[in-house]
Amino acid sequence: MLNVIDSAVPVACWSCSIGHNDITLFCPHCSKIQPPPGGDYFSVFGLKPRLNLDLGVLEHEFHRLSRKLHPDRFARAQENEKEWSLADTALLNDAYRTLKDPLRRTEYLLKLEGAEIGEEHSGKDRKGQKDPSRVPADLLEEVFELNMQLEEMRAARKMGEGDAALEADLCKAKAKFDCLMAAVDIDLRGQWNAWDEGEATARQAAQEKMVALLDRRRYLSNLVRDVTETLGA
Amino acid sequence: MAEGRVVGIDLGTTNSLVAYMEGDAPVVIPGVDGSNLVPSVVALDPIPAGGGRPTVTVGNSARKALIQTPERVIYSIKRLMGRGVEEIQSELKLFPFRLSDDVEAGEVPRIQLGELRFTPPEISAYILRQLKRNAERFFGSPVTQAVITVPAYFNDAQRQATKDAGRMAGLDVLRLVNEPTAAALAYGLDRAKAGTIAVYDLGGGTFDISILKLRDGIFEVQSTNGDTHLGGDDIDNLLLTIALDEIHAEHGVDLRRHPGAVQALRKAAIEAKIQLSTEAVTHFDIELPNGDRYQREIPRAVFEQLIEPVLERTASPCKQALADAGITPEQIDEVVLVGGSTRIPAVRQLVDDLFHLAARGKTPQIKLNPDEVVALGAAVQADILAGASKSTEELLLLDVTPLSLGIEALGGTVARIIQRNSTIPASATEHFTTGVDGQKNVAIHVVQGERELAADCRSLARFDLKGIPPMSAGLPRIEVRFLIDADGILKVTAREQRSGLASQIEVKPTYGLTDEQVESMILDSFDHAEEDFAKRLLIEARNEAETILAAVERAPESAAWPMLSGGEQAAIQVASAHLKAVKGGEDSAVVRAATLALDQATRRFAELMMEAAVSTALRGKTMDSAGEEMGEELTAPHPMAAAEFK
């Protein structure tokens, strides 16, 4: 999966017929736009997969490539170039959206590495899955209590009653889980250097830690969402 | 010019405009009558004496027909674009749309106009064709390419319907641009600056809020939100309801039973609203059918209290947009106001509060005319696409999709595949498989919206992946690629990966026209005869001349004629004689100039006729004939009220 850049196979440019590395949006010889290259999101920006990114540089590069690729620049071009401009820009936008967000970037890179992680960080957006089996051990007791309180709150709401004390408890619980999530984010960042700079074994260890942290984060994020929904209902 | 010009079009609920880039500044192109705004009103003329298809008129002349032949006139068609019969029931209560009765659920609604039926995109196509003609007349050369604006919060079907309308009008729609984004372009053009701006766009029928980051000529939309059913119409309805209730209570007259009178009263309500933007108090003074007078004073403070709930509805989209962009109000450097309703002082106050402007020594940006700024921005985008101009070569617009795209999953929940506020073009790839051995088809339901259940979202389309090679359940791996293009419109492709076969895909949009249907609705091919352009201009000019001459011919029979001074009558006769003398000539410009002169000479006469018709309607004399067809409900907006300020 990794090092796609090295495994690139030469293909001929549709316009000038000179062969080039297939991880390129433009022909290095005639500068014409090319069909979407086969690489990963990092290679769109000419980067090797890594977790520490300079977001200013990334944005600058995003804007530079947008100016050259965007369908607005090909409004009167021939059909094939129009089509590739659309596909290339979609790839660029998808790549930028994923890489600029620390969490999405981490998930994406781990998936590139073949790690099995639950789909996307906000479980809410995926097929309604709630991951009930993976309660982090240190949270078992609190989660049990929280679920009871949520049930109670929903029941009270159904009866059209408010319960100020219960509401305060839930707010407190939400604040706590928010804190725990922020802690996970810090821990995740802590693994970035190990992955980016480390040797193979250190890298493997960092990867496993990050997968576990992402699981925990997803769990917490679902809890916070449940509380927010119940309070807001 | 090799490829002709690209024009920018604002296809509005109430008014439409066409603009182009003159050198390095966008300019609105005036219509035949010299006015920049073309009312989005379409009328079907009576069937010609010799038989054949009746002609269609658009704009001010169509608006005039509303009083005499309301059953042959339609307005506010934008509200029906891209919507199904089931979806528009609420609109039907508010507007005098007459649906053809043979439309089935799931079909594109057809509107009965006189003896003919039209789909909403066809009606919009007539408006677009008028704008196209106005531009062609102005340039003296054909115009075939355009950028058209749509509300940012328009969904896929509404966008597709707008594009279809362009095609029917003989326009190659190079791009759909979101209205608030277009406004930002118009503002950003002369100031190559960096910063974060919010565009607050409250029009006649829709509300949009967009937050953009400007940097080195790149306009990057961070987030957008809105409400496609919130605008000046809602404010008019409030004033109207009060007037109707008070008239009923105080004078025992129930005007609700007289749609013609309701229309006239609405006109008065709109005028009162407009006046309250500049005056501290306004007066209603209306003669009722029983001879009583309804007199009412409305101080601005009362008006503001009244409309507060309506204005408050714009607050939550603004807050959501800020949250989605991940910024606080203090981080907004500038707020641009767009749409006629932003002239209301209370709206400006609300914007000030929402974005903490006064506290930071700022005021909302209102330098450009809020009725024209969207069209001006569309012209800038048109120039960017034409790619031939120095003034816009550094500009680039990066817009977002306003609504999340999802697939209906098991249990009716939504699996979101492209999040709202993703920069477009955007794509997502999903894999599907079969649940039964030997299954050959897989059905996919695509929805748009933010709700958890598919049933609560807007259904976009149902796809059937066909021709899957027979395999054990779960074995086929069908890759489906969803791509939202730069117009915000979804495209889908699919292939089965194990067999390598490209899956056949049958896309059935939930609401929309098929390619063939659009093709069959393309307005007369006359428009495509570019080689005969000069001839066409002449024919059009002569047609216009005949239309106005026929109207002037009948003028002396009108009750309004004696109200003109002798001088005014003489001026009309002189202009009319001049037009008759020149209309046979070969120069379309001469014929047009004479037509315009006659139009100017009859302007006051036309106003008098309009006033007479309105007050007749209000006194109930012709209510049964004029009013009946205009819709039973009290809230039908009055298209005669132009959003203009004296």
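## Confidence of the model

pLDDT is the predictor's confidence in each residue, given on a scale from 0 to 100. The structure shown here is a predicted model, and chain A averages a pLDDT of 81, with 88% of its residues scoring at least 70.

Two stretches of chain A call for care in reading. Over residues 1-8 of chain A the pLDDT stays under 50, and the model has 14 contacts for this stretch beyond four places in sequence. Residues 120-130 of chain A likewise have a pLDDT below 50, and in the model this stretch makes 27 contacts beyond near neighbours in sequence.

## Fold and domains of chain A

Chain A is built from seven helices and two strands, and when these elements are read along the sequence they give the pattern β-β-α-α-α-α-α-α-α. The domain assignment divides the chain into domain 1, covering 10-100, and domain 2, covering 131-232; the centres of domain 1 of chain A and domain 2 of chain A, taken over C-alpha atoms, are separated by 38 Å.

Of the 233 residues in chain A, 25% count as buried. When contacts in chain A between residues at least 6 apart in sequence are considered, 53% of them join residues that are at least 24 apart.

## A buried aspartate

Where along chain A does Asp40(A) lie? Asp40(A) is placed in the loop that runs between strand S2 (19-21) and helix H1 (41-44) of chain A. Is Asp40(A) buried or exposed? Asp40(A) counts as buried because 21 other C-beta atoms lie within 10 Å, where the cut-off for a buried residue is 20 or more.

## The contact between chains A and B

How many residues does each chain bring to the contact? Chain A contributes 19 residues and chain B contributes 24 residues. On the side of chain A that touches chain B, helix H2 (55-69) and helix H3 (79-100) of chain A each supply at least two residues, and H3(A) gives the most to this side, with six residues.

Sorted by class, the side of chain A that touches chain B holds nine charged, six polar and four nonpolar residues.

Note on methods
Residues numbered from 1 in each chain as written. Chains lettered and ligands numbered in written order. Predicted model: local features only at pLDDT ≥ 70, side-chain atom pairs only at ≥ 80, totals over all residues. Contact = placed C-beta atoms within 7 Å. Helix = DSSP H or I, 4+ residues; strand = E, 2+ residues; numbered from the N terminus. Nonpolar A, V, L, I, M, F, W, Y, C, P; charged D, E, K, R; others polar. Domains from an automatic or database assignment. Buried ≥ 20, exposed ≤ 12 C-beta atoms within 10 Å, placed from the backbone.
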